[in-house]
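Please read it beside the sequence and the model.

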Amino acid sequence: DEQLRQALQSPAGRKGLKVLQQCRGEGGKGLDITCFCREACRQDYIRLAACIRAGSAEAGRTPCLAECEALTSCVRNEW
């Protein structure tokens, strides 16, 4: 209870709690990871989705690697 109270005192803590509540899996069990990525890291999620839709691929480059790394980094920081 104390940890939750402390987390709710900061804007980041309130955002994190909102995302976790919003992204619960069916029946309130587990976590919908797609929802978590989209809600916690919206800009990076949108960039990756746009890259995938565009079919971006340069010779010798893994398609959307930079976008994927940015989303991964954001998710790690938000988790």
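1. Basis. The model is predicted, so local features need pLDDT of at least 70 and side-chain atom pairs count only at pLDDT 80 or more, while totals for chains, interfaces and linings use all residues. Residues are numbered from 1 along each chain as its sequence is written, and side-chain values use heavy atoms, with hydrogens and water left out.

2. Count and pattern. A disulfide is taken here as a pair of cysteine sulfur atoms within 2.5 Å. By this rule there are three disulfides. With bonded cysteines counted along the chain, their pattern is 1-2, 3-6, 4-5.

3. Cys-23 and Cys-35. These two residues form a disulfide with an S to S distance of 2.1 Å. The torsion about their S-S bond is about -65°, so this disulfide is left-handed. Cys-23 sits in the loop between α2 (11-22) and α3 (33-40), whereas Cys-35 belongs to helix α3, so the bond ties together parts that are 12 residues apart in sequence. Helices are DSSP runs (H or I, at least four residues), numbered from the N terminus. Both Cys-23 and Cys-35 are buried, a term that means under 20% relative accessible area, with exposed meaning over 50% and partly exposed in between (1.4 Å probe, protein chains only).

4. Cys-41 and Cys-74. The sulfurs of this pair are joined at 2.1 Å. Because the torsion about the S-S bond is about -95°, the disulfide is left-handed. Cys-41 is in the loop between α3 and α4 (42-54) and Cys-74 in helix α5 (residues 65-78), so the link connects parts that are 33 residues apart in sequence. Cys-41 and Cys-74 are both buried.

5. Cys-51 and Cys-64. Here the S to S distance of the disulfide is 2.0 Å. Its torsion is about -100°, so the bond is left-handed. Helix α4 holds Cys-51, and the loop between α4 and α5 holds Cys-64; the pair therefore ties together parts that are 13 residues apart in sequence. Cys-51 counts as buried at 6% relative accessibility, and Cys-64 is buried with a relative accessible area of 6%.

6. Cys-37. Cys-37 is buried, with a relative accessible area of 14%.

7. Cys-68. The closest cysteine sulfur to that of Cys-68 is in Cys-64, at 8.5 Å, too far for a bond. With a relative accessible area of 36%, Cys-68 is partly exposed.

Terms used. Helices (H or I, at least four residues) and strands (E, at least two) are DSSP runs, numbered from the N terminus.
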